[in-house]
Amino acid sequence: MHVTFSAAAAAAIFAFIVLAPTAEAADASGVTEREKRDCQVDYKKYCSEYGLGTNALRACMSRNIKKVSHVCVGALVAAGEMSQAQADKLRGKGKTSSKKKPTTKKKTSYKKKH
């Protein structure tokens, strides 16, 4: 059975949310004020059919993480929804093969004309 990293990360986020106690700054739904503020646009754009604090919303945001704003990802990381390393990997920042190698310029020497 082959499990993709995205599916594994979504499962880990789901397990963390279900098993972990809610954060101090979270309301009754388990959503922090920062998440509400910084993820409002992303929530409406990608996952508005799901209720705040639901596992379905967490799964939807995880599925759309590559499109979610950097500000919202920061709020999700701060709330403990995922680690920064998970966020970077899901967003494709952990890949090193896509980086271009710097090119070196050939030195040219010019001779003075007499």
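With 105° about the S-S bond, the Cys39–Cys72 link is right-handed. A disulfide here is a pair of cysteine sulfur atoms within 2.5 Å, and by that rule the count is two. Keep in mind that this is a predicted model: local features need pLDDT of at least 70, side-chain atom pairs count only at pLDDT 80 or more, and totals for chains, interfaces and linings use all residues. Residues are numbered from 1 along each chain as its sequence is written, and side-chain values use heavy atoms, with hydrogens and water left out.

| Disulfide | S to S | About the S-S bond |
|---|---|---|
| Cys39–Cys72 | 2.0 Å | 105°, right-handed |
| Cys47–Cys60 | 2.0 Å | -90°, left-handed |

Cys39 sits in the loop between H2 and H3 and Cys72 in helix H5, so this pair ties together parts 33 residues apart in sequence. Helices are DSSP runs (H or I, at least four residues), numbered from the N terminus. Both Cys39 and Cys72 are buried, meaning under 20% relative accessible area, with exposed being over 50% (1.4 Å probe, protein chains only).

Now for the core: the largest nonpolar one has 16 residues, and Cys39, Cys47 and Cys72 are among those with the most contacts inside it. Such a core is a set of buried Ala, Val, Leu, Ile, Met, Phe, Trp, Tyr and Cys residues joined through side-chain atoms within 4.5 Å. H5 gives the most to this core, four residues.

In H5, Cys72, Val73, Ala75 and Leu76 are buried. The face turned away from the buried side of H5 carries the exposed His70 and Ala78.

Terms used
Helix = DSSP H or I, 4+ residues; strand = E, 2+ residues; numbered from the N terminus.
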